[in-house]
Amino acid sequence: MSTPVRRIQFGVFFQGVNSSTVWDAPESGSQTDFESFRRLAQTAERGLFTAFFLGEGLRLREHLGRLHDLDIAGRPDAITQLAALASVTERIGLVATQNTTYNDPIDLAHRLQSLDVLSGGRAAWNVVTTDNAWTGENFRRGGYLDHADRYTHAADVIAIARRVWDAVPDNAADGLLAVLPDPFRYDTAYYSVEGRGVLPRSTQGHPVLFQAGDSAEGRDFAARNAEVIFSAHAQLEPATEFAADIRARTLAAGRPADDLKIFPGQEFIVVDDASETEEKVRWVREHQITPQTAVAFVEQLWGAELPDLDPDGPLPSFDPVQSITGETRGAGFRATKAVETARAWRELSQERGWSIRDLVINVSTRRGFAGTASQIADELEPFARTGVVDGFNITPWLIPGGLDDIVNKLVPELQERGIYWTDYPGDTLRENLGLREPLTRRSAADVVATVPEAATVP
Amino acid sequence: MSRTFAVIVELDDDLRTDAPASAIVRVARASERAGVTAVSFEDHPTAPGAGAGAASRSGARFGRLDATLRAASVAPITSSIGLIPVVHALYNEPFHLATQLATLDTASLGRAGWIARADPDPSIAARHGRGPLPASAADAELADVVEAIRGVWDTWEDDAVIRDVATGRYLDRTKVHYADFVGDRFSVKGPSIIPRPPQGQPVVFGEPGSAAELDAVLLDLTLPGRDRPAAHLNASTDSTIAGAADLPELLGRATEAVDAARTRLAPGTLIVVQLGFALDSAGLSALDRLADERHHTRADARAIVTGDPSVLVDLLTALARVADGVRLFPASLEPDLDELGRAVLPGLRARGVFHSPLAGDSLRTSLGLERPTNRFESVAPDPLASNAQTLEAAR
Ligand SMILES: Cc1cc2nc3c(=O)[nH]c(=O)nc-3n(C[C@H](O)[C@H](O)[C@H](O)COP(=O)(O)O)c2cc1C
């Protein structure tokens with residue numbers, strides 16, 4: 001039996017905070033003007049991207065107790081920005097990363113549902129669970145949550161959101177409710193709230209749930225609750241392992257194995273001529289990891305300023321002054337065991353003959369896809385054949401032009417090979433992702449009926 | 001700045017449509033074409049009239065989509081009108097409100113305002129898992145929220161993004177500050193996660209008696225002691241209907257109320273009078289329209305001016321001498337918005353009391369408000385540096 005060819009989908013992750021966006025190139029535009037967001041979203045839609053994705057970080061990053069000044073910074077509120085983008089796009093999904101710890105669940109559910117209705121059923125919520133007291137200093141509800149409880153707490157928040165979204169029946173048409181739903185109470189260890197469904201359902205039922213988190217608890221949480229997982233495993237081998245793990249967890253959660261779509265974050269560097277690839281990749285990496293960024297990266301692990309450190313020289317010969325890294329430089333660099341990591345880095349650098357900057361480039365940047373459109377398409381074909389990912393969430397290294405080559409060159413190449421769609425299959429994000437009904441709205445019979453189909457998934 | 005009279009129209013959406021987004025876009029565009037200064041978006045996060053007894057009411061209307069999001073959704077498809085959502089500010093996270101409003105201001109290129117509301121409705125507190133604040137504490141809380149939000153907006157100086165290739169610095173961290181707001185019930189560390197909005201501070205509207213720092217206050221124009229012609233009105237409102245004959249009385253009341261408010265307000269605070277209206281349109285008299293059940297009115301306890309558009313022109317022309325603007329509540333959106341654009345605003349322009357905002361104007365510019373300096377801008381501009389620039393320019 002021949003393996004059915006699947007399609008690869010694309011999302012775009014407008015980073016907004018990170019060293020991965022090259023800001024010092026002449027083509028680099030504003031990182032915060034609405035125009036940059038509009039251009040990227042409309043380019044993505046021209047390329048038939050499934051989703052436009054905004055991250056979130058609720059405190060400005062700090063480096064050794066002072067504001068971190070090397071990376072791009074200044075992100076809009078995701079839901080508000082996506083509401084603005086909803087009226088200048090038509091089909092692309094609008095994914096808002098929203099934290100479960102520092103939001104009131106009914107308020108958050110109301111805003112997400114508002115976006116979903118406003119956009120004609122294109123909204124999604126990427127559930128993240130940052131829980132530290134440092135971020136909490138910006139909120140009424142501060143550092144109240146133990147890290148170990150982040151997912152039981154998040155499950156509570158999602159349960160409340162679903163109560164809000166499912167409160168109004170589908171047949172409430174024409175803006176009139178036959179009966180105003182009764183208010184509901186929700187009382188658990190974390191919440192004691194009283195809500196009421198007041199909005200019509202969107203055309204996709206309710207917002208699609210994404211999840212980003214990589215621990216075992218995070219994966220189980222996704223398997224129980226999410227519809228798309230935003231993963232960090234984009235190379236074929238780790239992606240294959242990750243998919244097997246996620247599918248096992250999804251089945252264990254009583255869902256069809258293909259119920260949870262997988263979209264790793266990934267960077268694409270497209271060139272016109274294969275001979276340019278190496279030089280272009282080096283150029284991008286050196287603009288992402290400037291000498292100052294390389295030094296700051298080492299300082300972050302060492303927990304101290306290292307003013308005399310030469311980015312082209314070796315790592316410090318002494319050990320870090322801290323045992324564990326802190327919370328202030330984002331989720332990618334939190335709670336790392338400092339001394340062990342420093343020793344491993346030192347060994348790796350000696351073995352490979354790497355300077356500090358080489359090392360930082362290698363440990364902190366992604367191994368993205370690089371080459372001509374045709375070479376990248378070759379690399380993507382095995383993903384389409386095996387179905388270990390459903391798509392890639394592209395993190396452009398340039399704003400706002402970072403999708404132009406992908407949409408103009410790579411997408412047509414993939415379309416020619418039959419592994420990328422030539423039109424949006426539907427109007428809602430749920431349809432375009434090929435998702436079933438929201439989990440709360442399936443009968444047990446629906447789930448059983450879909451299992452044989454799902455069983456063909458490798 | 002020259003004194004201008006602002007005409008703000010409330011676009012409370014009537015979600016009796018399967019496509020609320022296209023309805024919002026349609027009325028926002030119509031308002032911009034009409035040339036109004038700004039549009040506002042009412043809000044109530046729980047169902048309208050969701051109090052006791054409402055549960056079994058059949059034919060109840062849906063609630064409203066979040067007002068800030070409605071305003072944001074029309075930001076990129078309009079270019080001159082101000083966008084003013086109502087924001088319930090007692091229980092939400094002030095940090096989130098600050099970044100949401102800054103995002104609205106950024107997406108609209110400086111056209112955001114907001115109506116800071118302290119609503120006593122206990123259902124709003126309950127959805128946040130809180131007990132309602134006693135009335136005595138609510139305004140102090142609102143004042144704290146407004147202060148915290150203003151502080152968060154200022155945490156980035158306007159020129160904090162430097163993109164200095166030589167030193168590798170994207171930000172000048174000496175120009176990004178901690179808000180360090182500490183109130184009775186909450187604190188906010190800061191800085192913001194989004195740069196200072198284009199207007200510096202989006203325009204803050206509120207109630208005249210509030211302790212909050214406001215740019216503009218909203219003052220209801222009422223005609224109390226009137227017999228309410230109940231037959232003409234939706235039973236849930238206490239509005240009174242006013243016609244041409246009532247103009248002198250309305251104006252007298254407005255003058256009194258504005259003068260009284262003026263004495264208590266910080267100098268420079270704008271006073272905006274709130275008024276319902278229903279105009280004769282397409283051969284149908286406003287009173288007949290009001291009597292028609294399908295056209296419920298959205299004004300509460302406010303005078304509704306009815307009649308020929310010239311009645312409203314006369315009233316607003318006179319009001320322009322005492323107040324800084326008007327927030328109009330159309331009894332039914334489409335015909336009244338039409339009449340406003342067709343007859344009322346041209347009439348006001350002809351009398352020289354109103355001009356429409358131009359594409360690219362900020363809401364502050366349209367209202368005649370200065371762009372505020374940043375509270376964290378500690379260092380005054382170096383006089384030597386500006387001398388040097390002058391010398392440079394003179395060369
Ligand atoms: C690919 C990916 C993207 C993430 N993006 C965000 C984000 O934008 N904002 C955020 O607060 N956390 C983000 N996170 C952090 C996770 O939500 C989570 O808090 C963190 O990974 C800890 O959970 P874990 O232990 O299950 O991994 C991201 C995580 C991953 C794996």
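# Close-up legends

**View 1. Helix H2 of chain B under its cover.** Around the buried residues of H2(B), the cover includes helix H2 (78-86) and helix H3 (105-118) from chain A, along with helix H1 (20-34), strand E2 (38-41), strand E4 (82-88) and helix H3 (94-107) from chain B itself. Cover here goes by contact, meaning heavy atoms within 4.5 Å. Helices (H or I, at least four residues) and strands (E, at least two) are DSSP runs, numbered from the N terminus. This is a predicted model, where local features need pLDDT of at least 70, side-chain atom pairs count only at pLDDT 80 or more, and totals for chains, interfaces and linings use all residues; side-chain values use heavy atoms, with hydrogens and water left out. Residues are numbered from 1 along each chain as its sequence is written, while chains are lettered from A and ligands numbered from 1 in the order in which they are written. H2(B), residues 67-74, is mostly covered, with eight of its eight residues buried. Buried means under 20% relative accessible area, exposed over 50%, and partly exposed in between (1.4 Å probe, protein chains only). The buried set reads B:Ala67, B:Thr68, B:Leu69, B:Arg70, B:Ala71, B:Ala72, B:Ser73 and B:Val74.

**View 2. Chain B, the whole thing.** Stepping back, chain B carries 11 helices and 15 strands. Its 395 residues are 59% buried. Among the chain B contacts with a separation of 6 or more, 79% are between residues 24 or more positions apart. The accessible surface of chain B is about 15400 Å², and carbon and sulfur atoms own 53% of that. Such areas come from the Shrake-Rupley method with a 1.4 Å probe; for residues, only the protein chains shown count as cover.

View 3. A:Arg111 and A:Asp107 join side chains in a salt bridge, 3.6 Å from N to O. The term asks for a side-chain nitrogen of Lys or Arg within 4 Å of a carboxyl oxygen of Asp or Glu. Why do A:Arg111 and A:Asp107 sit about one helical turn apart? Because they are four residues apart in helix H3 of chain A.

View 4. A:Arg436 and A:Asp259 make a salt bridge with closest N and O atoms 2.6 Å apart. The two link distant parts of the chain, 177 residues apart: A:Arg436 is in the loop between helix H14 (429-432) and helix H15 (444-455), and A:Asp259 in the loop between helix H7 (236-252) and strand E12 (261-266). Buried or exposed? Both A:Arg436 and A:Asp259 are buried.

**View 5. Salt bridges in chain B.** B:Arg117 meets B:Glu42 through a side-chain salt bridge of 2.8 Å, N to O. B:Arg117 belongs to strand E5 (residues 113-117) and B:Glu42 to the loop between E2 and strand E3 (58-61), so the pair ties together parts 75 residues apart in sequence. B:Glu42 is buried at 11% relative accessibility. Elsewhere on the salt-bridge list, B:Glu147, B:Asp154, B:Asp158, B:Arg196, B:Arg371 and B:Arg375 are joined into one network by bridges that share partners. Over all chains, the structure holds 54 salt bridges.

**View 6. A negative patch on chain A.** A:Asp273, A:Glu276, A:Glu278 and A:Glu279 form a negative surface patch. Patches take residues with over 30% relative accessible area and no salt bridge, joining like charges within 9 Å and nonpolar side chains (Val, Leu, Ile, Met, Phe, Trp, Tyr) within 5 Å. Lys and Arg count as positive, Asp and Glu as negative, with His and the chain ends not counted; each charge is placed at NZ of Lys, CZ of Arg, CG of Asp or CD of Glu. A:Glu279 is in helix H8 (residues 277-288) of chain A and is exposed, at 58% relative accessibility.

View 7. The A:Ile399 to A:Pro400 peptide bond is cis, with omega near 0°, and A:Pro400 lies in the loop between strand E15 (391-394) and helix H13 (404-416) of chain A. In chain B, the bond from B:Gly190 to B:Pro191 is cis as well, with omega near -10°; B:Pro191 lies in the loop between strand E9 (187-188) and strand E10 (203-206). A:Asn18 isn't a glycine, but its phi is positive, near 155°. B:Arg163 also has a positive phi without being a glycine, about 45°, and is found in strand E6 (residues 161-164) of chain B.
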